[in-house]
Structures are given as structure tokens and as C-alpha cells.
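The following note sets out points for a colleague's reading of the model. Please consult the sequence and coordinates alongside each point.

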Amino acid sequence: MKISARNVLPGRVVALTKGPVTTEVVLEIAPGVQITATITTHSAEQLGLKEGDKAYGMIKASSVMVGVD
């Protein structure tokens with residue numbers, strides 16, 4: 001698989017919250033470090049995602065916001 005995204009984070013699916021339209025996917029990319037993505041439920045089914053599966057989080061954005069307290 002080749003993609004244009006530069007930020008590809010390998011991880012494991014640790015949680016799936018399936019809804020009628022969207023599914024929330026939580027990937028653990030390092031011990032104690034998780035990222036969450038919301039994808040269509042159809043896409044989650046097509047990918048065959050299950051807890052414990054290896055998956056990749058890919059981040060492609062035209063801007064990144066940073067904030068501090």
C-alpha cells in the first residue's frame with residue numbers, strides 16, 4: 001500500500017464503538033498512547049476491523065492547531 005500521507009502511525013485496535021452511520025475506532029499507537037478516528041460504519045465493516053487487529057492511523061491535514069494553557 002502506498003499513500004500520500006506522511007504521518008502514518010501503526011497501532012492496534014483497542015476499541016470499536018459502532019453506530020448506525022459512523023464507528024469510532026481507537027488505536028493504541030504506543031503503550032498508553034491512543035488516537036481516535038470516526039469512520040463510516042460501512043468502511044469499518046469493509047475493513048473487517050476487530051479489537052486486537054493491527055491497523056494504521058493516517059493523518060493528512062492542511063492545518064494543525066496548537067493550544068496552550
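1. Strand pairing is the first topic. Two strands are taken to pair if DSSP finds at least two bridges between them. Helices (H or I, at least four residues) and strands (E, at least two) are DSSP runs, numbered from the N terminus. On these terms, strand 1 (residues 7–18) pairs with strand 4 in the antiparallel sense over six bridges. Within this pairing, Pro10 stands opposite Tyr56 in strand 4.

2. Some conventions apply throughout. The model is predicted, local features need pLDDT of at least 70, and side-chain atom pairs count only at pLDDT 80 or more, whereas totals for chains, interfaces and linings use all residues. Residues are numbered from 1 along each chain as its sequence is written, and side-chain values use heavy atoms, with hydrogens and water left out.

3. The C-alpha trace spans about 35 × 30 × 25 Å along its principal axes. The UniProt annotation "domain: Mop", from an unreviewed entry, covers residues 2–68; positions from that record are given in the numbering used here, feature names are shortened, and annotations may be inferred rather than shown by experiment. Over residues 2–68 the chain is 10% helix and 52% strand, and the end C-alpha atoms are 35 Å apart.

4. Strand 2 has two further pairings to report. Six bridges join strand 1 to strand 2 in an antiparallel arrangement, and a hairpin through three residues connects these two strands. Lys18 has Thr23 in strand 2 as its bridge partner. Strand 2 also pairs with strand 3, again in the antiparallel sense, over eight bridges. Thr23 stands opposite Ile39 in strand 3. The hairpin of strand 2 and strand 3 has two residues between the strands, and Gly32 there takes a positive phi near 80 degrees.

5. Which residues does Thr41 touch, leaving aside those up to four places away in sequence? Contact means heavy atoms within 4.5 Å. By that criterion, Thr41 touches Lys18, Gly19, Pro20, Val21, Thr22 and Thr23. Thr41 is found in helix 1 (residues 41–47). Its relative accessible area is 5%, so Thr41 is buried; the classes are buried under 20% relative accessible area, exposed over 50% and partly exposed in between (1.4 Å probe, protein chains only). Of the 69 residues of the protein, 17% count as buried.

6. A pocket is defined on a 1 Å grid over the protein atoms alone, as an open set of points where a 1.4 Å probe fits, with protein on both sides within 12 Å along at least five of seven lines; lining residues have an atom within 4 Å of a point. About 310 Å³ of space lies in the largest pocket, where grid points are joined across faces, edges and corners and a volume is the space filled by probe spheres set on the points. The lining comprises 13 residues, of which Leu27, Ala37, Tyr56, Gly57 and Met58 lie nearest the centre. Strand 2 (22–30), strand 3 (33–40) and strand 4 (54–59) are the elements that give two or more residues to this lining. Strand 4 gives the most, with five residues.

7. What is the lining of the largest pocket by class? There are 11 nonpolar, two polar and no charged residues. In this scheme Ala, Val, Leu, Ile, Met, Phe, Trp, Tyr, Cys and Pro count as nonpolar, Asp, Glu, Lys and Arg as charged, and the others, Gly among them, as polar.

8. Val33 lies in strand 3 and is partly exposed, with a relative accessible area of 38%. Not counting residues up to four places away in sequence, Val33 touches Leu27 and Glu28. The C-alpha atoms of Val33 and Ala5, 28 residues apart along the chain, are separated by 20 Å.

9. Arg6 is in the segment before strand 1 and counts as exposed at 79% relative accessibility. Arg6 and Ile59 are 53 residues apart in sequence and 7.5 Å apart in space, C-alpha to C-alpha. Ala61 is in the segment after strand 4 and counts as exposed at 51% relative accessibility. The C-alpha atoms of Ala61 and Pro20, 41 residues apart along the chain, are separated by 26 Å.

10. Finally, on contact range: among contacts between residues at least 6 apart in sequence, 42% join residues at least 24 apart.
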